[in-house]
Amino acid sequence: MAAPVVAFLLSALLPLSCSQWSDQLAWLYNRQGTDHASALADAAASTCPDVCDCPPTFPVAMYCDGRGLAAVPSVPSHIKYLYLQNNAITAVPDSALANATSLVWLMLHHNQLTSEAIGAKAFLKLEALERLYLQHNNLTSVPANLPRSLKELRINHNKIEKVTVADLEGMDNLSLLYLHDNAIADVGTSLKTLKSLMMLDISSNKLTKVPDSLPEQLHQLYMEHNSIRSLPESFLTALTHLQYVRMAHNQLTDTGVPANAFNVSGLVELDLSFNRLERIPSVSTSLQHLYLQANQIKEFTLGSFCTFTDVSSFSRLQTLRLDGNELSQEDIPSDSSLCLRLASAIDV
């Protein structure tokens with residue numbers, strides 16, 4: 001009987017012993033994992049340029065902003081987020097980012113870059129890049145061979161005079177495009193192919209007309225501070241997703257605005273302030289914010305907001321600015337409260 005008893009005791013103790021061994025060795029496995037992560041951080045830190053910071057807690061980021069740099073430093077291949085803004089960088093040669101193929105964000109704003117000093121292949125290998133910030137430089141054209149992976153491009157506050165089809169060709173992922181504060185007179189049909197573009201800011205340029213063939217997915221269109229005098233006959237017909245249109249500080253007149261140009265149901269906000277309008281244009285009852293201040297409007301036409309009024313048919317306007325026109329409080333019809341029942345105040 002002794003042999004079976006011994007066998008039973010061994011079989012009972014064996015799992016416990018294995019469990020104990022596992023617990024005793026757990027610290028070693030955990031230590032190895034910690035050491036591995038630490039080794040990776042140390043390796044990343046060892047390749048980080050002295051003039052930059054590569055935090056061990058965020059080893060895929062490289063902070064070189066505001067360091068007085070005149071050139072792009074060497075960028076390790078594992079870096080995904082590169083901050084080079086607020087320096088004095090004058091050039092990005094073809095070789096500068098050749099090793100930085102993992103970049104997702106590249107911040108080069110507030111430098112001294114010129115178009116001639118950016119290599120034709122400088123961004124060619126950045127196939128994962130999603131955000132490129134180039135605002136506040138001295139660029140006169142859009143850099144060549146921008147990555148087709150871009151989702152956001154900021155190239156505002158430069159000296160760009162035109163945008164060509166080739167500049168933006170193949171950018172099917174681009175959703176945000178900042179072109180404001182340049183010297184652009186025309187963009188031709190370069191925007192049409194931007195299938196994913198949701199926001200376009202082309203304000204403070206030298207446009208004399210609305211860009212041709214705007215992308216159909218646009219949600220926000222900003223064209224303030226240009227010299228636009230008139231609108232196309234079917235300005236917003238195809239832009240069924242458009243919600244925000246800002247055209248303040250242009251030269252729009254009544255003859256340049258086709259009837260019902262803004263009477264589209266999707267609009268939420270329309271800014272036509274600081275133009276030369278003499279009449280209130282017709283707008284959809286779904287519009288919520290309308291800015292018409294500083295025009296030459298002489299008459300308050302309630303029909304511009306409501307063709308008829310009943311329990312279910314009335315304007316959803318919450319904001320109506322008409323100050324700076326040739327109107328007074330007495331010009332507002334007494335029955336306007338029925339049509340404009342959601343407006344908190346009407347500024348005249």
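Trainee: Is Asn87 buried or exposed?

Mentor: First, a caution: this is a predicted model. To read burial, look at relative accessibility. Under 20% means buried. Asn87 has 10% relative accessibility, so Asn87 counts as buried.

Trainee: Where in the chain does Asn87 sit?

Mentor: Find the strands on either side. Asn87 is in the loop between β2, residues 81-83, and β3, residues 105-107.

Trainee: How far is the side chain of Asn87 from the backbone nitrogen of Gly68?

Mentor: Here you look at a pair of atoms. A polar atom of the Asn87 side chain lies 2.9 Å from the backbone nitrogen of Gly68.

Trainee: Where is Ala70, and what does Ala70 contact beyond four places in sequence?

Mentor: Ala70 is in the loop between β1, residues 61-63, and β2. Ala70 is in contact with Ala88, Ile89 and Thr90, once neighbours within four places are left aside.

Trainee: How far apart are Ala70 and Gln112, in sequence and in space?

Mentor: Read both separations. Ala70 and Gln112 are 42 residues apart in sequence. Their C-alpha atoms are 8.8 Å apart in space.

Trainee: What should I know about nonpolar side chains?

Mentor: In soluble globular proteins, nonpolar side chains tend to be buried together. In this structure, the largest nonpolar core has 88 residues. Leu97, Leu106 and Phe305 have the most contacts inside that core.

Trainee: Which residues does Leu106 touch, not counting those up to four places away?

Mentor: Among them are Leu82, Leu84, Leu97, Phe123 and Tyr133. Arg131 is on that list too.

Trainee: And the protein overall: how many helices and strands are there?

Mentor: Three helices and 13 strands. The protein has 348 residues, and 43% of them count as buried. Its accessible surface comes to about 17300 Å², with 53% belonging to carbon and sulfur atoms.

Methods. Residues are numbered from 1 along each chain as its sequence is written. This is a predicted model: local features need pLDDT of at least 70, side-chain atom pairs count only at pLDDT 80 or more; totals for chains, interfaces and linings use all residues. Side-chain values use heavy atoms; hydrogens and water are left out. Helices (H or I, at least four residues) and strands (E, at least two) are DSSP runs, numbered from the N terminus. Buried means under 20% relative accessible area, exposed over 50%, partly exposed in between (1.4 Å probe, protein chains only). A polar contact is a pair of N or O atoms within 3.5 Å; within protein, one must be able to donate a hydrogen and the other to accept it, and residues adjacent in sequence count only if both atoms are side-chain atoms. A nonpolar core is a set of buried Ala, Val, Leu, Ile, Met, Phe, Trp, Tyr and Cys residues joined through side-chain atoms within 4.5 Å. Contact means heavy atoms within 4.5 Å. Accessible areas come from the Shrake-Rupley method with a 1.4 Å probe; for residues, only the protein chains shown count as cover.
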